[in-house]
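Subject: Structure for you to look at

Hello,

I am passing on a structure that you have not seen before. Please open it first, and then read the notes that follow it.

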Amino acid sequence: MSLPIHFAPLQGYTDDVYRRLHHEIMGGIQTYYTPFLRMEAGGVRSKDMRDIRPEFNEGVPVIPQIIVKSMKEFDFLVNVVEEKGYQQIDINMGCPFPLQAKHGRGSGLLAHVDIVEEMAKAIREKSHLSFSVKMRLGWENADEWRPVLDILNDTPLRQVTLHPRIGTQQYKGTVSMEAFEEFYALCKHPLIYNGDVTTLSQLQELEKKYPN
């Protein structure tokens, strides 16, 4: 298997202890992503801050993930992560849970192209940091990714991860491989596939069909 494997987070489960033990016992993962940091009551929850402590992630290839609905939240959380010594940050534009998405975070952000534009401008100005984006096809509309990808293609990103469902599906129904193929053809960044991979044969098929 030449394609790298990245470890998607699961809120409440894949904390620093889980990641450390998985890395030591299983291995084989290029990057572990933390459950998303979010702004709440003017700050970040203490349990989320504990999860990104550098001393408890030492030796583990971990990247903090943030979820935002505004530039205020973006600037605040980027500063929080940078102050902990991290130089890589993943932006969550894929979370389908209504408590986040209905407030414009996660996949709910995909409909707010103006905010994505502002975020892209801020990323260009923070050239000392490396950003990546995880996203879905949209929140309610499976074409919401189109104007967003145009913006992301002109933004310096390490990579883009696509889960080819819309947010309102959550994890039900089937992924749209037709949409993934179109996204794959248009995306100018390294692209990671996410969603419903449960067998080795599926991984091998993905590697064969999408070598890049």
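Is E182 buried, partly exposed or exposed? E182 has a relative accessibility of 34%, so it counts as partly exposed (buried is under 20% relative accessible area, exposed is over 50%, and partly exposed is in between, with a 1.4 Å probe and protein chains only).

Some ground rules come before the rest. This is a predicted model, in which local features need pLDDT of at least 70 and side-chain atom pairs count only at pLDDT 80 or more, while totals for chains, interfaces and linings use all residues. Residues are numbered from 1 along each chain as its sequence is written, and side-chain values use heavy atoms, leaving out hydrogens and water.

Salt bridges

The structure holds 10 salt bridges (a side-chain nitrogen of Lys or Arg within 4 Å of a carboxyl oxygen of Asp or Glu). Side chains of opposite charge can pair when their charged atoms come close.

One of the salt bridges is between E182 and R146, at 2.7 Å from N to O. This pair links distant parts of the chain, with E182 in helix α7 (residues 177-186) and R146 in helix α6, 36 residues apart. Helices here are DSSP runs of H or I with at least four residues, numbered from the N terminus. R146 is partly exposed at 32% relative accessibility.

D48 and R45 form another salt bridge, at 3.0 Å from N to O. D48 is buried, at 8% relative accessibility, whereas R45 is partly exposed at 25%.

R20 pairs with D16, and their closest N and O atoms are 3.6 Å apart. Both residues lie in helix α1 (residues 16-25), four residues apart, or about one turn of the helix. D16 is buried, with a relative accessible area of 8%, and R20 is partly exposed at 25%. Shared partners join D16, R20 and R53 into one network of salt bridges.

Helices α5 and α6

The axes of α5 (residues 113-125) and α6 (residues 145-153) come within 10 Å and cross at roughly 15 degrees. The two helices are therefore roughly parallel to each other (angles under 35 degrees). V113, V116, E117, A120 and R124 of α5 make the contact with P147, V148 and I151 of α6, where contact means heavy atoms within 4.5 Å.

Regards

How values were computed. Axes fitted to C-alpha atoms, helices over the stretch in contact; angles between N-to-C directions. Parallel < 35°, antiparallel > 145°, perpendicular 65-115°, else oblique.
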